[in-house]
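Please open the structure in your viewer and keep the selection tool at hand.

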Amino acid sequence: MLPSSVKKALHEGAFIPAHPLALSRDKKLDEKSQRALTRYYIDSGVGGLAVGVHTTQFEIRDPRFGLYERVLKLAMEEIRNGGVPDSFIKVAGICGPVEQAVKEAQFSKAAGYDLGLLSMGGLVSLSEEELLERSKKVAEIIPVFGFYLQPAVGGRVLSFDFWRAFAELPNVYAVKLAPFDRYLTSEVVRAVCHSKRRDEIALYTGNDDNIVNDLLTTYQFKVGDSERQKKIVGGLLGHWSVWTKRAVELFKEIKQWQLHDAIPQRMLTLAQEVTDANGAFFDARNQFRGSIAGINQVLARQGLMKGRWCLLDKEELSPNQMEEIDRVYAAYPHLHDDDFVKENLTKWLAQ
């Protein structure tokens with residue numbers, strides 16, 4: 001059962017970063033930096049955290065590294081010590097075949113997480129019916145946050161009927177829309193609008209390439225004789241794991257404009273700027289191959305990580321990606337939070 005304060009915050013719309021993984025040069029967990037990251041997000045004013053997700057690196061589950069439980073526990077320790085409100089949304093990433101997903105759900109629930117972000121990625125052998133049965137089993141253990149992961153990083157295209165049936169599952173409370181595709185995003189919103197549980201499902205953008213526009217759009221569809229409207233109320237984003245303090249401030253401003261019919265031109269300009277910055281961080285021109293390394297590079301540049309190292313050697317910056325990151329840093333100084341990090345870094349890194 002989802003706590004009432006968390007459910008309220010989820011439906012009002014929260015700012016939820018996807019938590020990265022801090023490593024040493026020899027691929028070991030850098031616990032000091034990992035804790036500092038969590039403290040950074042809490043002090044930035046986020047409404048929740050998602051841990052064990054794509055940005056945290058799916059490989060933390062690999063027996064070679066065995067970091068899944070340890071990383072989730074560290075984040076939970078800092079959340080409990082951070083003085084966050086009861087409404088703070090704690091999301092644990094859940095993926096893999098049924099047996100693995102069930103095990104991760106059980107651990108996450110016991111560790112104190114509110115919801116499981118359930119990825120459908122990497123399960124090409126399963127039919128949509130089998131994916132729904134898997135989702136049902138996870139939802140029997142922990143409230144579920146659905147996750148439409150883009151195909152370029154391991155996701156798959158799922159049908160309108162799948163998402164409508166998924167929204168009907170008891171104990172599903174939200175869906176993260178991250179196909180990086182306007183058509184597929186609209187289809188999921190339409191599917192939820194056709195569900196009997198449409199008012200129980202909160203929609204969150206995971207489209208890091210379209211954050212501001214997603215948050216400013218009201219979707220409307222004909223369902224029978226009625227017009228159904230649905231908003232994407234918040235975000236659960238890897239992009240929000242960097243420049244977080246400033247992004248929280250901008251999110252609060254965007255939330256205010258969700259209540260108005262007229263949206264100022266400057267918000268559309270902001271949308272373009274954020275997307276341009278994301279293109280550099282996520283390595284869009286190279287099919288997102290450098291996305292995790294790009295996020296880590298920004299955090300290392302600020303001192304929140306010691307380096308951009310990832311568990312897999314192939315996870316590196318693409319050629320010219322560093323130059324692109326430098327370009328957006330210079331182009332959009334109003335989007336970064338370097339001064340905030342500089343003022344607080346010593347405190348966050350303290351044991």
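**Pockets and cavities**

Begin by selecting I60, R61, G66, L67, Y68, E69, E99, Q100, K103, E104 and F107, which line the second largest pocket. Colour α3 (68–81) and α4 (98–111) next, the elements that give two or more residues to this lining; helices here are DSSP runs of H or I with at least four residues, strands are runs of E with at least two, and both are numbered from the N terminus. The model is predicted, so local features need pLDDT of at least 70 and side-chain atom pairs pLDDT 80 or more, while totals for chains, interfaces and linings use all residues. Residues are numbered from 1 along each chain as its sequence is written, and side-chain values use heavy atoms, without hydrogens and water.

On a 1 Å grid over the protein atoms alone, a pocket is an open set of points with protein on both sides within 12 Å along at least five of seven lines, a cavity is a set where a 1.4 Å probe fits but cannot get out, and lining residues have an atom within 4 Å of a point.

Now select H54, F58, E59, V153 and E315, which lie nearest the centre of the largest pocket, among its 28 lining residues.

Finish at H239, W240, A247, L250 and V274, nearest the centre of the second largest cavity, where α9 gives the most to the lining, with four residues.
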